[in-house]
Amino acid sequence: MPISLYNSLNRQVEPFAPLDPERVTMYLCGPTVYSYVHIGNARGPVVFDVLVRLLRRHYPKVVYARNITDVDDKINAAAREQDVPISAITDRFTATYRDDMAKLGIAPPDIEPRATAHIGEIVAMIRTLIANGHAYEAEGHVLFDVASYAAYGALSGRDTEEMIAGARVEVAPYKKNPVDFVLWKPSTPELPGWDSPWGRGRPGWHIECSAMSAAHLGETIDIHAGGVDLQFPHHENEIAQSTCAHGGKVFARWWLHNGMLTFGGRKMSKSLGNVLHVHQLLQQHPPEALRLLLMRGHYRQPLDWSDQAIAQAVSTLDGWYRVLRDLADVTVEGELPVPAAVEAALCDDLNTPQALAELATLADTARQAGTPEAKAALLGGGALLGLLQQDPEAWFRKGADAVDGARVEALLEERKAARAAKDFARADAIRAELTAMGVVIEDGAQGTRWSVAKA
């Protein structure tokens, strides 16, 4: 079935058709590795991981790049504060980011370019922009001349003249135009820097993604994705510099932007004190529940975080894994099928809420039918969404290492004996003791099973 995606550049849903069906290219703006990322920064990697899974079903080769920004003023500030080289900061938080994303069930990208490994390509692109009359040097800086690119503002829908007129920040005196942006800036001795035709310095943020994308995916790519907060100025600037550096070629044919994660309806920000870091949340909640929550809303819409929302995600997964646990003796053979209804939802502009609704229906069907086909459909639908791939007992026993399993089993045997003797007061007392231990018990046709209560 065909895939349709909303193109932010054209502001409409369009049937997706790659430039080369034998090699689909996709680039996602990755993290600036100066600290832990907050949960809002994980929404894009999660939803676009689902998109990559979908694309791989439809095309023989998908080349997916997600960059690491490892040179930035925030990194420099963190390194100065801790009195360490920038690599000590970037290596630590790059490793943490990879580990955190893996825990969320996000497959690693095919390519993970780092900005510091592409200084040569960045310098070459800047030289081309200067030679083509789209950039200029001023006081050790190199800036992109926005006036030289007539289509500037097309992605964000902003008018260049209005942006100039509305500029309220103090404009650097070396700029020709208030909206001109930095491609290269000088570095003082204590800052990281590289030799260039314009002196020792470092790249501006925007040029990094353009150079890395071109180096690994080509001058024109199929999909460029990222958060809606990057649409302006970052993505707008990427389009301008890439188009001008490559002789007018289209930079990205589809632009996809995920909505922001909010907290009580307000944007997450340090100033509001409502930033929740992925690294800490992974220690407090089941990672799969975090992934499910981030897919609950349509990717283009804002999504509100709340304790109630994460509790609901845990409860939903409890129900689905309970079905799979009940069907533990039902054998599924061969490759898992992908149910048409789940795939159709995702082909419709990555409609994860509808796909999750279809998965709920599949869980109900599997619960009632109890057949290998129904179980396979549930597992197959879950796999496309990156869900339900754990052993059900592992899901329910997560955190069991903090519980005395032998003691639990002994109490369950004692409770079984008490119930057989109709000593219900003792049976209830044992249940209360287990609850106090953080253990949830469930009586069913298969006997009594236990799990660890989740946060």
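Arg325 is placed over the face of Phe396, with a distance of 4.0 Å from the ring centre. The structure is a predicted model, in which local features need pLDDT of at least 70 and side-chain atom pairs count only at pLDDT 80 or more, while totals for chains, interfaces and linings use all residues. Residues are numbered from 1 along each chain as its sequence is written, and side-chain values use heavy atoms, with hydrogens and water left out.

Contacts between aromatic rings were examined next. A pair of aromatic rings is described by the distance of the centres and the angle of the planes. Rings of Phe, Tyr and Trp (its six-membered ring) pair if their centres lie within 6.5 Å; planes under 30 degrees apart count as stacked, over 60 as edge-to-face and the rest as tilted. The whole structure contains 8 aromatic pairs. One of them joins Phe48 and Tyr299, whose ring centres are 6.0 Å apart and whose planes meet at 70°, so the pair is edge-to-face. Phe48 belongs to helix 1 and Tyr299 to the loop between helix 9 (287-295) and strand 13, so the pair ties together parts that are 251 residues apart in sequence. Helices (H or I, at least four residues) and strands (E, at least two) are here DSSP runs, numbered from the N terminus. Phe48 and Tyr299 are both buried, a term that means under 20% relative accessible area, whereas exposed means over 50% and partly exposed lies in between (1.4 Å probe, protein chains only). Phe251 and Trp255 also form an edge-to-face pair, at 5.8 Å centre to centre and with 65° between the planes. Both of these residues, Phe251 and Trp255, are buried.

On a 1 Å grid over the protein atoms alone, a cavity is a set of points where a 1.4 Å probe fits but cannot get out, and a pocket is an open set with protein on both sides within 12 Å along at least five of seven lines; lining residues have an atom within 4 Å of a point. Grid points are joined across faces, edges and corners, and a volume is the space filled by probe spheres set on the points. The largest pocket has a volume of about 1000 Å³. Its lining consists of 39 residues, of which His38, Asn41, Lys74, Asp229 and Leu230 lie nearest the centre of the pocket. Two or more residues of this lining come from each of helix 1 (43-58), helix 6 (205-217), strand 9 (221-227) and helix 7 (231-245). The lining of the largest pocket comprises 17 nonpolar, 16 polar and 6 charged residues, where Ala, Val, Leu, Ile, Met, Phe, Trp, Tyr, Cys and Pro count as nonpolar, Asp, Glu, Lys and Arg as charged, and the others, Gly among them, as polar. The count of cavities of 30 Å³ or more is 1. About 40 Å³ of space lies in the largest cavity, which is lined by Ser35, Tyr36, Val37, Phe93, Thr96, Tyr97 and Asp100.

Strand pairing was assigned where DSSP finds at least two bridges between two strands. Strand 1 (residues 4-7) and strand 2 (residues 12-15) run antiparallel and are joined by 4 bridges; Asn7 stands opposite Gln12 in strand 2. The hairpin of these strands has 4 residues between them. Arg11, in the loop between strand 1 and strand 2, has a positive phi of about 60° although it is not a glycine. Arg11 is partly exposed, with a relative accessible area of 42%. Elsewhere, 3 strands form an open sheet of mixed pairing in the order 12-11-13. Its edge strands, each pairing on one side only, are strand 12 (266-267) and strand 13 (303-305).

Two further backbone features complete the description. Glu139, in the loop between strand 5 (135-138) and strand 6 (141-144), has a positive phi near 50°, and Glu139 counts as exposed at 62% relative accessibility. A cis peptide bond with omega of about 5° joins Phe232 and Pro233, and Pro233 is located in helix 7.

Conventions
A charge sits over a ring if NZ of Lys or CZ of Arg is within 6 Å of the ring centre and within 35 degrees of the ring normal.
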